[in-house]
Amino acid sequence: MRTARLPLVLCVALFAAVLGAQAELIDDILASLSRGVAFLERREELINLDGVAGFVMLQAELKEAVRTWPHTDPTSWAQRTSAVALVKRLDQSLVKAIAAIKQSDPQYYREFEPVLSWSFWSVPQEWCTTDPSLVYSSTMTTECFNEQLSDKCMTLLLGTWKMNGTPCIVTKPCRDTMTRFGCPHYSLSHQLLYFMIGKMRGCTNLLKGDTRPARVNMTELNYQKIFCSNMKKTNQDLIKDLSTSHKTDVFIENILFCGLAGFSDFYRSDWLQHIFKLQDEDVGCFGRDPNIISQIIGDELLEQLMQPHRRVKRREKVLPDGCSSHMTAVAVGALGGYLNYYLTEQDITKRPLVS
């Protein structure tokens, strides 16, 4: 009788151990996010639009986590209380950060105003996985398109390409660009983002008008799976040599976007530990380079004197303390994704689907 019961006892013990380990990880994620939010609170008027957007994604993820928190035991309830406190802090800081962007760059704010609302972003309710067979045989060595074209295509979807513009417009150049295979790095991640924004904006038929015979049966989900399968391969290659901030930024951005698109295999524990290591314990940001602080301060002061109305590049802005605005944004967004994924793992009714 004892022999028959032993496997059950072992299973229960193993399950308890897994939950305990995940509870510790959730503690670590919440502690890291608290430091990240503290950084936002100190720099809320300096972070650029991409930086604020990452914190807005985190805001949506935290609100969803609080809404669906699966347990009410003392440990879990204390964690939920911490998440609630983070949401309140984010709510207050983001109002100020968004107001600062609206004042410093009103046109750019208007073009991307929809994505600066937490309600725009939806958190995955079910999961899928990538497919290694979809990885490109080769990729281009340079980006497929620039930031200006990406912005234009996004605003056509958002309906912000002009005042009271019609949303969900798909031009042939945008469709061809955003469905092009073989793109690397930021081009690849922004191809995925294009489809994500279309979905969250409520656009349908993004592929309408595509008459290429090889693409006739392709769906938007097909493209997302192709892109994330390649983004995962990119991360598997990058993790071997994250020697530059550019590589690290791409690595974390891929986790953020594909995780938010519902691909659970991006939430690897070793990748999470690497994100933790990138955070500056004192300042709270990610990707800080203290060696260039004095240089940055001098360069920014010179730029302000020479070009007081110069537009800040959306993708990156290195702040006076040497912190990367973009890397911090994608890191906190990725951590919010990890939080929701681990909570889903604890709720046996929402386990990832195998595909």
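Which residues is Ile197 in contact with, leaving aside its neighbours within four places in sequence? I find Val115, Phe120, Met154, Leu157 and Leu158, where contact means heavy atoms within 4.5 Å.

This is a predicted model, in which local features need pLDDT of at least 70, side-chain atom pairs count only at pLDDT 80 or more, and totals for chains, interfaces and linings use all residues. Residues are numbered from 1 along each chain as its sequence is written, and side-chain values use heavy atoms, with hydrogens and water left out.

Ile197 sits in helix α7 (residues 185–201); helices are DSSP runs of H or I, at least four residues, numbered from the N terminus. Ile197 is buried at 3% relative accessible area (buried is under 20%, exposed over 50%, partly exposed in between, 1.4 Å probe, protein chains only). Its C-alpha atom is 7.5 Å from that of Met154, 43 residues apart along the chain.

Next, the cysteines. I count 5 disulfides, taking sulfur pairs within 2.5 Å. Cys144 joins Cys183, S to S 2.1 Å. The S-S torsion there is about -115°, so this disulfide is left-handed. Cys153 and Cys174 also form a disulfide, and both are buried. Cys128 is partly exposed at 22% relative accessibility.

Last, the helix pair. The axes of α2 (residues 49–68) and α12 (residues 325–346) come within 7 Å and cross at roughly 15°; axes are lines fitted to C-alpha atoms over the stretch in contact, with angles from 0 to 180 degrees between N-to-C directions. I log α2 and α12 as roughly parallel (angles under 35 degrees).

Conventions: Helices (H or I, at least four residues) and strands (E, at least two) are DSSP runs, numbered from the N terminus. Angles under 35 degrees count as roughly parallel, over 145 as roughly antiparallel, 65 to 115 as roughly perpendicular and the rest as oblique.
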